[in-house]
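Please keep the sequence and the structure in view while reading.

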Amino acid sequence: MAEEKKPVAIVEEKKAKKVDYRDMTTCETTLQMLRKMEADGQDNCFTRAAEMKPCPIGADSACCKHCFMGPCRLNAKDPYSKVGVCGATIDTIAARNFARNVAAGCAAHTDHGMGMLDTFREVVNGKIEHFKIQDEKKLKSVAESIGIATEDREVMDIAKDLYAELERTYTQVEGEIPFAKRVPPKTLETWRKEGIVPRGSMREIMEIMHRSHMGVDQDYENIVKQCSRTALADGWGGSMVATEISDILFGTPSPKVAGVNMGFLKEDQVNIIIHGHEPLMFEAMVVAVNDPANVEKAKAVGAKGINLLGMCCSGAEVLGRHGIPHAGNFMSVEPVIATGAVDAMGVDVQCIMQSLVRVADCYGTKFFTTNPRAHIEGAVHVEFHEHAPFDAPNQIIAMAVERYSKRTAKIVIPSRKDWGVHGFSHEYVNYMLGGEYRESYTPLNANIINGKIRGVAAVVGCTNPRVKHDYLHVELVKELIKNNVLVVQTGCSQISLAKAGLMRPDAAVLAGEGLQEVCETVGIPPVLSLGSCVDNSRILMAVAEMVKIGGLGDKISDLPVAGAAPEYMSEKAICIGQYVVASGIYTVFGVTFPTVEGTKFHDLLFNGLEEKGFGKWGFSNDPIEMAYMMIDHIDKKRAALGISEKRERKLFSMDDRRTAEG
Ligand code: NFS
Ligand code: SF4
């Protein structure tokens, strides 16, 4: 174990800026802890966001630092009045910046997926014994979906072939990624025509980095093609592999009642939070906290037991897979430490704020990095090794127990606990609608055609201190279900809605009449929680299935569906948005969008892509407006399918709403 380093002292002395926290979050436990942080003189991402106004030129993506003749700043108010030193136009500059966001987002998801595949290989080769193939049914169905024979074959033989085939998702230099076989043929045809079927993610990321280098691709339309190709290598590639391998190794989620919020911390237990994205260490931790030897250690210092909670995306995965409680989404990670009740926090990769080292130091929480790719200055590094998966968890537990025995920080645990149903997978949706012997999406399509369900919306993504935390997610989803739109969710967004109680079956009363009837008949909430951000691949599988079942067109872009990430912050979200758009789905983002309105690049993303047979981007910061943008789109698709007449209720547009509100 590395020696404990002192946290960096950059902001130690600075007093947190005074702000009204009620304007910043609708999450009452986060609010309570933000106030505590203020009283304790601690800054947090909300106060830092208030102090550091975003650079307006950067926010519009009107600057370039791709070479050292610059950096070059263009004028977003008059975007064609200037060019960079090399002559690059606003369209080239913004498209190249966007391309690099996509590249980083794709790299994050595909590296995660490749890590899962590495573990799978070692399991298949017999070099890792602690993890096993737990879901043989899933293994077979994934293998069959990409043309691997399964009949009368040994599980391990199928698994070996599956490994070899899926490795191509990353390393292949020519041809199409394996999961392209899952794409509805007409959608795939559009991709082929545009030349954007991904080869392998390494190749696509390499090429996009090359093409966005100074002086290479300087045609925004051509750059956007490579953005789509790279992003698709994430959605139908790296992310899909991450989801499928996780299901094969740890089990495909099925619904279970589970808890969300800070109230699940326990004062009389050793509290451990795992925060990050890869499920491997978390899975080992689930076993380790139940190991009698570890429980004994906790009891020996007077604790009643060990209480394990998740945060962010890996938390969302184990919430659905094992019912492990979830402490909160991205904006709640600093506040949860301020409870003083977190004895240890272990993190791996992605969305880990560097500030956590300092916050943990202030409240006495032991803070560990665990992944060789992600050390943080000042944190203790306890590396997780999948060949000896309990070593790191056991060390973290030991340190957490020690901290419990020496707790000095004042402990304030907010009382709020929210319950809901989590763990819907694409397979479970199939089963719940059709039953075990006739698993099918047919009832979903039928209810869309008969108008009880108007359409399906995926509401996903981060939380962001630049907008009111949880507010956009919750208001958007409420408006959607009120209008009979079934909502599916992943990532931090689903935690916002879980806290608002929308993942309980009785939340169906908030839905429109048709959706309510379907929810009550099937026994589901109107908002389905699907897992982490890589599990957006479950949404892709669901829409592919809807096309396959028939009656709703022959490509994804025909479906009455829409997507949104109202409070996004990460480059991964941009990549997700681009693969969802390239797959054929209208996708609306909030916060800010890295383009200048009125430029050709902006117009391509927001209009032109749809004309080429893809989805398109949309933007709004008003959740109600966002809802009606999505509903209007869903209605447009219904009309094109000739099923709009089945609905009696008239479309309630933004103008109607404004009139109604007087
Ligand atoms: Ni998605 Fe997960 Fe949350 Fe955003 Fe970060 S945790 S991968 S990026 S902030 S939803
Ligand atoms: Fe400026 Fe062109 Fe260099 Fe970008 S690539 S920094 S626009 S000179």
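Where is the place of P71? P71 sits in the loop that runs between β1 (63–64) and β2 (72–73). The model is a predicted one. The points below treat the backbone, the metal site, the domains and the salt bridges in turn.

**Backbone features**

- The peptide bond that leads from G70 to P71 is cis, and its omega is near 0°.
- N484 is not a glycine, yet its phi is positive, at about 65°.
- The residue N484 belongs to the loop between α18 (471–482) and β11 (485–489).

**The nickel site**

- The protein supplies a single donor to the nickel atom of ligand 1, namely the SG atom of C533, at 2.2 Å.
- C533 is found in the loop between β12 (527–529) and α21 (536–549).
- The nickel atom of ligand 1 has four donor atoms, and the angles among them run from 91 to 160°.

**Domains and their interface**

- According to the domain assignment, the protein has domain 1 (82–250), domain 2 (256–405) and domain 3 (429–641).
- Between the C-alpha centres of domain 2 and domain 3 the distance is 31 Å.
- To this contact, domain 2 contributes 17 residues and domain 3 contributes 20 residues.
- About 1300 Å² of area is buried between domain 2 and domain 3, and carbon and sulfur atoms give 69% of this area.
- Helix α12 (residues 312–322) provides six residues, the largest share of the side of domain 2 that touches domain 3.
- How many salt bridges does the rule find across the interface of domain 2 and domain 3? The rule finds zero salt bridges there.
- Eight residue pairs are in polar contact across the interface of domain 2 and domain 3, with both residues of each pair at pLDDT 80 or more.

**Salt bridges**

- The rule gives a count of 41 salt bridges.
- One salt bridge joins the side chains of D111 and R373, with 2.7 Å from N to O.
- D111 belongs to helix α4 (residues 90–124), whereas R373 belongs to the loop between β7 (366–369) and β8 (380–381), so the pair ties together parts that lie 262 residues apart in sequence.

Notes
Residues numbered from 1 in each chain as written. Chains lettered and ligands numbered in written order. Predicted model: local features only at pLDDT ≥ 70, side-chain atom pairs only at ≥ 80, totals over all residues. Heavy atoms only, no water. Donors = N, O, S within 2.8 Å, 3.2 Å for Na, K, Ca; no water. Tetrahedral: all angles 85-135°; square planar, octahedral: opposite > 155°, others 65-115°. Helix = DSSP H or I, 4+ residues; strand = E, 2+ residues; numbered from the N terminus. Domains from an automatic or database assignment. Contact = heavy atoms within 4.5 Å. Buried area = accessible area lost by both parts, 1.4 Å probe. Salt bridge = Lys/Arg side-chain N within 4 Å of Asp/Glu carboxyl O. Polar contact = N/O pair within 3.5 Å; in protein donor to acceptor, adjacent residues only side chain to side chain.
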